[in-house]
Amino acid sequence: MLNILYFARLREDLNTDQEQFDLPEDVTTTDQLRDLLMNRGERWQNALSTEGLLVAINQDVCDWNTPLTGNEEVAFFPPVTGG
Amino acid sequence: MSVSKQTHIHVQTEDFDLNIEYAALRKDCPAIGAITTFTGLMRDFNSNGHSASESHSANEYDSVTTLTLEHYPGMTEKVLSDIVEQARARWELVGVRIVHRIGEMQPSDQIVFVGVSSAHRGDAFAACEFIMDFLKTQAPFWKKEKTTEGERWVDAKTSDDDSADRWL
(Lines give C-alpha, C1' and ligand atoms only; values in the text may rest on other atoms or scores of the structure.)
Protein backbone atom coordinates (compact mmCIF):
# COMPACT_ATOMS: atom_id res chain seq x y z
CA MET A 1 0.00 0.00 0.00
CA LEU A 2 1.27 3.43 -0.99
CA ASN A 3 0.89 6.21 1.58
CA ILE A 4 0.77 9.66 -0.05
CA LEU A 5 1.12 12.93 1.86
CA TYR A 6 0.48 16.49 0.68
CA PHE A 7 1.78 19.60 2.41
CA ALA A 8 1.26 23.36 2.52
CA ARG A 9 -0.27 24.92 -0.62
CA LEU A 10 -0.78 21.46 -2.16
CA ARG A 11 -2.70 20.20 0.85
CA GLU A 12 -4.99 23.24 0.63
CA ASP A 13 -5.43 23.18 -3.15
CA LEU A 14 -6.19 19.45 -3.16
CA ASN A 15 -8.21 19.60 0.04
CA THR A 16 -6.49 16.48 1.31
CA ASP A 17 -3.42 15.79 3.43
CA GLN A 18 -3.10 12.04 3.02
CA GLU A 19 -4.37 9.06 1.06
CA GLN A 20 -3.54 5.39 0.64
CA PHE A 21 -3.97 3.11 -2.34
CA ASP A 22 -2.44 0.13 -4.11
CA LEU A 23 -0.03 1.26 -6.80
CA PRO A 24 -1.23 0.15 -10.27
CA GLU A 25 1.24 -2.24 -11.89
CA ASP A 26 2.05 0.10 -14.77
CA VAL A 27 3.09 2.91 -12.40
CA THR A 28 6.71 2.32 -11.45
CA THR A 29 8.30 5.76 -10.93
CA THR A 30 7.62 9.02 -9.09
CA ASP A 31 6.97 10.75 -12.42
CA GLN A 32 4.36 8.15 -13.41
CA LEU A 33 2.68 8.48 -10.03
CA ARG A 34 2.43 12.24 -10.53
CA ASP A 35 0.91 11.67 -14.01
CA LEU A 36 -1.61 9.24 -12.52
CA LEU A 37 -2.70 11.82 -9.94
CA MET A 38 -2.79 14.64 -12.51
CA ASN A 39 -5.26 12.61 -14.58
CA ARG A 40 -7.83 13.14 -11.82
CA GLY A 41 -8.72 16.55 -13.19
CA GLU A 42 -7.82 20.20 -13.49
CA ARG A 43 -7.37 20.80 -9.76
CA TRP A 44 -4.82 17.98 -9.53
CA GLN A 45 -3.20 19.01 -12.81
CA ASN A 46 -2.67 22.56 -11.53
CA ALA A 47 -1.52 21.63 -8.02
CA LEU A 48 1.00 19.05 -9.22
CA SER A 49 2.35 21.44 -11.86
CA THR A 50 3.50 23.83 -9.10
CA GLU A 51 6.88 25.34 -10.00
CA GLY A 52 9.67 23.62 -8.10
CA LEU A 53 7.37 20.84 -6.83
CA LEU A 54 9.29 18.35 -4.72
CA VAL A 55 8.72 14.66 -4.10
CA ALA A 56 10.10 12.65 -1.20
CA ILE A 57 10.15 8.89 -0.78
CA ASN A 58 10.30 7.67 2.82
CA GLN A 59 11.25 11.21 3.88
CA ASP A 60 14.13 11.69 1.43
CA VAL A 61 13.74 14.16 -1.43
CA CYS A 62 14.31 12.30 -4.70
CA ASP A 63 14.23 12.67 -8.49
CA TRP A 64 11.20 12.26 -10.74
CA ASN A 65 12.53 9.02 -12.22
CA THR A 66 12.93 7.24 -8.88
CA PRO A 67 11.49 3.70 -8.85
CA LEU A 68 8.48 2.89 -6.66
CA THR A 69 7.62 -0.55 -5.31
CA GLY A 70 4.24 0.40 -3.88
CA ASN A 71 5.07 0.21 -0.17
CA GLU A 72 6.52 3.68 0.26
CA GLU A 73 5.53 6.88 1.99
CA VAL A 74 5.50 9.41 -0.85
CA ALA A 75 5.16 13.13 -0.12
CA PHE A 76 4.49 15.98 -2.54
CA PHE A 77 5.22 19.54 -1.46
CA PRO A 78 6.22 23.00 -2.73
CA PRO A 79 9.70 24.50 -2.18
CA VAL A 80 10.42 24.88 1.55
CA THR A 81 10.26 28.24 3.35
CA GLY A 82 11.31 27.67 6.97
CA GLY A 83 13.82 29.46 9.14
CA MET B 1 39.04 14.21 28.77
CA SER B 2 35.88 12.99 27.15
CA VAL B 3 33.82 15.51 25.26
CA SER B 4 30.17 14.72 24.81
CA LYS B 5 29.16 15.71 21.32
CA GLN B 6 25.49 16.28 21.78
CA THR B 7 22.92 17.26 19.20
CA HIS B 8 19.48 18.49 20.23
CA ILE B 9 16.79 19.07 17.64
CA HIS B 10 13.39 20.30 18.72
CA VAL B 11 10.36 21.24 16.63
CA GLN B 12 7.81 22.81 18.93
CA THR B 13 4.92 25.27 19.16
CA GLU B 14 6.18 26.83 22.41
CA ASP B 15 8.58 29.75 22.48
CA PHE B 16 12.19 29.09 23.53
CA ASP B 17 14.49 30.80 26.02
CA LEU B 18 17.85 31.93 24.67
CA ASN B 19 19.46 31.76 28.12
CA ILE B 20 18.41 28.17 28.63
CA GLU B 21 19.69 27.15 25.18
CA TYR B 22 22.98 28.96 25.78
CA ALA B 23 23.41 27.45 29.24
CA ALA B 24 22.81 23.97 27.81
CA LEU B 25 25.54 24.51 25.21
CA ARG B 26 27.96 25.75 27.87
CA LYS B 27 27.27 23.12 30.49
CA ASP B 28 29.90 20.67 31.74
CA CYS B 29 32.42 21.12 28.98
CA PRO B 30 35.62 23.04 29.61
CA ALA B 31 36.86 22.06 26.12
CA ILE B 32 34.50 24.65 24.64
CA GLY B 33 36.16 27.90 23.69
CA ALA B 34 33.38 29.40 21.59
CA ILE B 35 29.60 29.41 21.32
CA THR B 36 27.82 30.94 18.34
CA THR B 37 24.07 31.38 18.39
CA PHE B 38 21.59 32.55 15.77
CA THR B 39 17.98 33.52 16.41
CA GLY B 40 15.52 34.11 13.57
CA LEU B 41 12.54 36.36 14.25
CA MET B 42 9.29 37.01 12.46
CA ARG B 43 9.29 40.40 10.78
CA ASP B 44 6.39 42.43 9.49
CA PHE B 45 7.69 42.43 5.89
CA ASN B 46 5.26 41.21 3.31
CA SER B 47 6.33 38.99 0.44
CA ASN B 48 7.10 42.07 -1.67
CA GLY B 49 9.91 42.91 0.71
CA HIS B 50 8.42 46.06 2.18
CA SER B 51 8.23 46.63 5.89
CA ALA B 52 5.18 48.36 7.25
CA SER B 53 7.23 49.94 10.02
CA GLU B 54 9.81 51.27 7.52
CA SER B 55 7.24 52.94 5.36
CA HIS B 56 6.06 56.47 6.06
CA SER B 57 2.74 55.71 4.43
CA ALA B 58 2.01 52.30 5.84
CA ASN B 59 -1.23 52.12 3.89
CA GLU B 60 0.69 51.54 0.67
CA TYR B 61 1.72 48.10 1.87
CA ASP B 62 -0.13 45.27 3.51
CA SER B 63 1.76 44.31 6.61
CA VAL B 64 1.97 40.76 7.86
CA THR B 65 -0.01 40.28 11.05
CA THR B 66 0.29 36.53 11.56
CA LEU B 67 2.59 33.81 10.31
CA THR B 68 1.62 30.15 10.39
CA LEU B 69 4.33 27.53 10.07
CA GLU B 70 3.74 23.89 9.23
CA HIS B 71 6.20 21.05 8.70
CA TYR B 72 6.55 17.40 7.71
CA PRO B 73 6.91 15.59 11.05
CA GLY B 74 9.65 12.98 10.91
CA MET B 75 11.28 14.25 7.75
CA THR B 76 12.09 17.59 9.39
CA GLU B 77 14.04 15.94 12.19
CA LYS B 78 15.75 13.61 9.71
CA VAL B 79 16.84 16.48 7.43
CA LEU B 80 18.07 18.58 10.36
CA SER B 81 20.06 15.62 11.74
CA ASP B 82 21.67 15.12 8.32
CA ILE B 83 22.61 18.81 8.15
CA VAL B 84 24.20 18.65 11.61
CA GLU B 85 26.15 15.51 10.62
CA GLN B 86 27.46 17.31 7.53
CA ALA B 87 28.51 20.26 9.71
CA ARG B 88 30.24 17.91 12.16
CA ALA B 89 32.14 16.35 9.25
CA ARG B 90 33.44 19.77 8.15
CA TRP B 91 34.19 21.43 11.49
CA GLU B 92 35.16 20.40 14.99
CA LEU B 93 31.97 20.90 16.94
CA VAL B 94 30.95 19.93 20.44
CA GLY B 95 27.27 20.74 21.01
CA VAL B 96 24.63 21.64 18.43
CA ARG B 97 21.14 22.79 19.37
CA ILE B 98 18.36 23.58 16.92
CA VAL B 99 14.90 24.75 17.94
CA HIS B 100 12.30 25.52 15.26
CA ARG B 101 8.81 26.65 16.10
CA ILE B 102 5.62 25.74 14.27
CA GLY B 103 2.10 27.10 14.53
CA GLU B 104 0.96 30.72 14.70
CA MET B 105 3.38 33.59 15.28
CA GLN B 106 3.23 37.38 15.46
CA PRO B 107 5.85 39.97 14.40
CA SER B 108 8.98 39.92 16.60
CA ASP B 109 8.28 36.38 17.78
CA GLN B 110 11.24 34.00 17.80
CA ILE B 111 10.98 31.40 15.03
CA VAL B 112 14.27 29.52 14.99
CA PHE B 113 17.38 29.03 17.12
CA VAL B 114 20.69 27.50 16.09
CA GLY B 115 23.49 27.25 18.64
CA VAL B 116 26.90 25.67 18.10
CA SER B 117 29.77 25.15 20.53
CA SER B 118 33.35 24.40 19.58
CA ALA B 119 36.90 24.69 20.81
CA HIS B 120 37.42 27.53 18.31
CA ARG B 121 35.33 30.48 17.14
CA GLY B 122 36.05 29.91 13.45
CA ASP B 123 34.38 26.52 13.49
CA ALA B 124 31.47 27.76 15.61
CA PHE B 125 30.76 30.76 13.34
CA ALA B 126 30.98 28.77 10.10
CA ALA B 127 28.95 25.80 11.31
CA CYS B 128 26.15 28.01 12.67
CA GLU B 129 25.77 29.78 9.32
CA PHE B 130 26.06 26.51 7.38
CA ILE B 131 23.31 24.90 9.45
CA MET B 132 20.99 27.91 9.00
CA ASP B 133 21.62 28.10 5.24
CA PHE B 134 20.71 24.44 4.75
CA LEU B 135 17.84 24.54 7.23
CA LYS B 136 16.27 27.27 5.09
CA THR B 137 16.65 25.40 1.81
CA GLN B 138 16.19 21.75 2.83
CA ALA B 139 14.14 21.37 6.01
CA PRO B 140 10.46 20.80 5.15
CA PHE B 141 8.83 23.83 6.78
CA TRP B 142 6.31 26.10 5.05
CA LYS B 143 5.19 29.61 6.00
CA LYS B 144 1.80 31.12 5.38
CA GLU B 145 1.32 34.85 5.93
CA LYS B 146 -1.87 36.54 7.03
CA THR B 147 -1.92 40.18 5.94
CA THR B 148 -4.46 42.96 5.91
CA GLU B 149 -5.16 41.87 2.30
CA GLY B 150 -5.66 38.17 3.05
CA GLU B 151 -3.63 34.98 3.32
CA ARG B 152 -0.84 33.69 1.09
CA TRP B 153 1.86 31.04 1.12
CA VAL B 154 5.37 32.46 1.21
CA ASP B 155 7.43 31.81 -1.94
CA ALA B 156 10.91 30.29 -1.67
CA LYS B 157 13.71 32.77 -2.40
CA THR B 158 16.50 32.09 -4.89
CA SER B 159 18.81 34.14 -2.62
CA ASP B 160 18.41 31.40 0.01
CA ASP B 161 19.51 28.78 -2.55
CA ASP B 162 22.50 30.97 -3.41
CA SER B 163 23.47 31.16 0.28
CA ALA B 164 23.40 27.37 0.59
CA ASP B 165 25.26 26.88 -2.71
CA ARG B 166 28.23 28.86 -1.35
CA TRP B 167 29.12 25.86 0.81
CA LEU B 168 29.21 23.33 -2.02
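How many bridges join β3(B) to strand β5 (residues 103-105) of chain B?

Modeller: Three bridges join β3(B) to β5(B), and the two run antiparallel. Strands here are DSSP runs (E, at least two residues), helices likewise (H or I, at least four), numbered from the N terminus. Two strands pair if DSSP finds at least two bridges between them. This is a predicted model: local features need pLDDT of at least 70, side-chain atom pairs count only at pLDDT 80 or more, and totals for chains, interfaces and linings use all residues. Residues are numbered from 1 along each chain as its sequence is written, chains are lettered from A and ligands numbered from 1 in the order written, and side-chain values use heavy atoms, without hydrogens and water.

In β5(B), B:Glu104 is the bridge partner of B:Thr68. β3(B) also pairs with β7(B), residues 141-147, antiparallel over seven bridges. There, B:Val64 stands opposite B:Thr147.

Six of the eight residues of β3(B), residues 64-71, are buried, so the strand is largely enclosed by the rest of the structure. Buried means under 20% relative accessible area, exposed over 50%, partly exposed in between (1.4 Å probe, protein chains only).

Now the core. The largest nonpolar core has 43 residues. Such a core is a set of buried Ala, Val, Leu, Ile, Met, Phe, Trp, Tyr and Cys residues joined through side-chain atoms within 4.5 Å. β3(B) and β7(B) are among the elements that each supply at least two residues of this core. Its largest share, eight residues, comes from α3(B).
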